[in-house]
Amino acid sequence: MNPLKVLVIDDEKVIGNACQMVLGERGHEVTHCLTAAEGLQAIDHNAHDLILLDMKLPDVDGSLILKRIRETSNPSTVIVMTGYSTMANAVEAMKLGAVDYLAKPFTEDDLLKAIRERFPNI
């Protein structure tokens with residue numbers, strides 16, 4: 001199994017730290033950005049296998065980041081995360097290219113299950 005390059009874009013440090021811990025201990029490379037601006041810069045400068053994206057960031061709505069990811073030459077698999085979980089939000093995220101939707105708070109098992117649906121060997 002090749003390690004995944006994972007980008008976490010979430011303004012909650014605890015979420016980023018948890019994702020880094022869970023995925024890092026499995027050998028994956030995890031970068032955490034606290035703002036949309038940092039996340040967009042990381043997307044522009046590096047290829048990522050997986051992006052874990054918070055839909056409610058302080059500087060930009062996550063849907064704008066999803067649109068930007070879709071426009072890149074090397075689009076990543078995106079799983080969105082939000083504390084504002086509604087069916088309408090999930091549908092909108094999927095229309096914009098997300099492959100899955102995690103409602104906060106989520107467990108380690110929830111995170112790994114969502115990732116394994118796209119990357120079975122994780």
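## A residue on helix H2

Asp44 is found in helix H2; helices (H or I, at least four residues) and strands (E, at least two) are DSSP runs, numbered from the N terminus. With a relative accessibility of 43%, Asp44 counts as partly exposed. The terms used here are buried for under 20% relative accessible area, exposed for over 50%, and partly exposed in between, with a 1.4 Å probe and protein chains only. Asp44 and Ile69 are 25 residues apart in sequence, and their C-alpha atoms are 9.0 Å apart in space.

## Basis of the model

This is a predicted model, in which local features need pLDDT of at least 70 and side-chain atom pairs count only at pLDDT 80 or more, while totals for chains, interfaces and linings use all residues. Residues are numbered from 1 along each chain as its sequence is written, and side-chain values use heavy atoms, with hydrogens and water left out.

## The nonpolar cores

A nonpolar core is a set of buried Ala, Val, Leu, Ile, Met, Phe, Trp, Tyr and Cys residues joined through side-chain atoms within 4.5 Å. The largest such core has 21 residues, and the members that touch the most other members are Ile9, Ile43, Ile51, Leu53, Ile65, Leu66 and Val80. Two or more residues each come from strand E1 (5–9), helix H2 (36–45), strand E3 (50–54), helix H3 (62–71), strand E4 (77–82) and helix H4 (87–95). H2 gives the largest share, 4 residues.

Which residues does Ile9 contact, leaving aside its neighbours within four places in sequence? They are Cys33, Thr35, Ala36, Gly39, Ile43, Ile51, Leu52, Leu53, Asp54, Leu57, Ile65 and Met81, where contact means heavy atoms within 4.5 Å. There is also a second, separate core of 20 residues, which includes Val8, Leu23, Leu50 and Ile115. In soluble globular proteins, nonpolar side chains tend to be buried together.

## Where H1 meets H5

Helix H1 (residues 13–24) and helix H5 (residues 108–116) have axes that come within 11 Å and cross at roughly 65 degrees. Axes are lines fitted to C-alpha atoms, for helices over the stretch in contact, and angles run from 0 to 180 degrees between N-to-C directions. The crossing of H1 and H5 is right-handed; a crossing is right-handed if the near helix is turned clockwise from the far one by less than a right angle, and left-handed if anticlockwise.

On the H1 side the contact is made by Cys19, Val22 and Leu23, and on the H5 side by Glu108, Leu111, Leu112 and Ile115. By class, this contact has 6 nonpolar, no polar and 1 charged residues. Here Ala, Val, Leu, Ile, Met, Phe, Trp, Tyr, Cys and Pro count as nonpolar, Asp, Glu, Lys and Arg as charged, and the others, Gly among them, as polar.

## Two leucines in this contact

Leu23 belongs to helix H1 and is buried, with a relative accessible area of 1%. Not counting residues up to four places away in sequence, Leu23 touches Val6, His28, Val30, Leu52, Leu112, Ile115 and Ile122. The C-alpha atoms of Leu23 and Ile122 are separated by 8.8 Å, although the two residues are 99 residues apart along the chain.

Leu111 belongs to helix H5 and counts as buried at 2% relative accessibility. Beyond residues up to four places away in sequence, Leu111 touches Cys19, Val22, Leu52, Leu102 and Phe106.

## Cysteines

How many disulfides does the structure hold? The number is 0, a disulfide being a pair of cysteine sulfur atoms within 2.5 Å. Cys19 is in no disulfide, and the nearest cysteine sulfur, that of Cys33, is 13 Å away. Seen from Cys33, the closest cysteine sulfur is in Cys19, and 13 Å is too far for a bond. Cys19 counts as buried at 1% relative accessibility, and Cys33 is buried with a relative accessible area of 6%.

The peptide bond from Lys104 to Pro105 is cis, with omega near -5 degrees. Pro105 lies in the loop between strand E5 (100–103) and H5. Most peptide bonds are trans.

Leu64 lies in helix H3 and counts as partly exposed, at 48% relative accessibility. Leu64 and Tyr84 are 20 residues apart along the chain, and their C-alpha atoms are separated by 17 Å.
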